[in-house]
Amino acid sequence: MKFCSECGSTVVLRVPSGDNLPRYVCSGCGAVHYLNPKMVVGCIPEWEDRILLCRRAIEPKYGLWTLPAGFMENGETTLEGAARETWEEAGAHIEMGGLYTLYNLPHINQVHLMFRARLLDLGFQPGVESLETRLFTETEIPWDEIAFRTVRATLEQYFRDRHAGSFDFHFGDIRTR
Ligand code: ZN
C-alpha cells in the first residue's frame, strides 16, 4: 500500500499508539489502514459416488483441477459465497450441506472454508474461469494435478471419511505453499 484510500496522501508503515503491530498510517488524514486475512469459500459437489472438479482457466495454477471456490465478497455469507463460486466456475445447481473443512493459511493470510454440497442435476458446465468441469470417482481423481493444498487436504479427508462411513468437521493449519 502506498496511498491513503481516504485522502490520497502517502501512507507510512508504523505502529500506531496503543497498537502492537505495524499498520499503514496516512501521513495526511491519519487514517489507519488495517490489513486482515481473506476468506476463501467453496464446496465439494457430490453426485452419487463422484465429486465435481473444475480445471482452472486462470492463473495461478492454470490447467490444474480444483474444487469450486474463491474469495468471499463483502455483503454475502460464507454459504452464499460458496454457492456463487460454484455457479460461476461450474454452472452447477447445488444444495449446500454443512461446513466440512476449515484451514488457516497464516503464511498467505487466508482462511479456507469448504462445505459439503449435493449436485441437483447434471447440467453443470465450465464458467469463464474453468477450462473443463467433470465428475470424478475416488480412483479417477487426478491427484498429481490438484491446484491447491487445501483442496487436496479436503479431498483426502473426504475420502477417508467416506470409507469410515461418517463425515465430521475438520480443521487445521497449513503453513507451506
Ligand atoms: Zn488519508
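What follows treats the domains and then the salt bridges.

This is a predicted model, in which local features need pLDDT of at least 70 and side-chain atom pairs count only at pLDDT 80 or more, while totals for chains, interfaces and linings use all residues. Residues are numbered from 1 along each chain as its sequence is written, and side-chain values use heavy atoms, with hydrogens and water left out.

The domain assignment, whose bounds come from an automatic or database source, divides the chain into domain 1 (1–35) and domain 2 (38–173). The C-alpha centres of domain 1 and domain 2 are 36 Å apart.

The structure contains 10 salt bridges, each being a side-chain nitrogen of Lys or Arg within 4 Å of a carboxyl oxygen of Asp or Glu. In one of them, the side chains of Arg23 and Asp19 meet at 2.8 Å, N to O. Arg23 counts as buried at 16% relative accessibility, whereas Asp19, with a relative accessible area of 24%, is partly exposed; buried means under 20% relative accessible area, exposed over 50%, and partly exposed in between (1.4 Å probe, protein chains only).

Another salt bridge joins the side chains of Arg55 and Glu132 at 3.1 Å, N to O. This pair links distant parts of the chain, since Arg55 sits in strand 5 (residues 50–56) and Glu132 in strand 10 (residues 130–136), 77 residues apart; strands here are DSSP runs (E, at least two residues), numbered from the N terminus. Arg55 is partly exposed at 24%, and Glu132 is partly exposed at 30%.

How values were computed: Helices (H or I, at least four residues) and strands (E, at least two) are DSSP runs, numbered from the N terminus.
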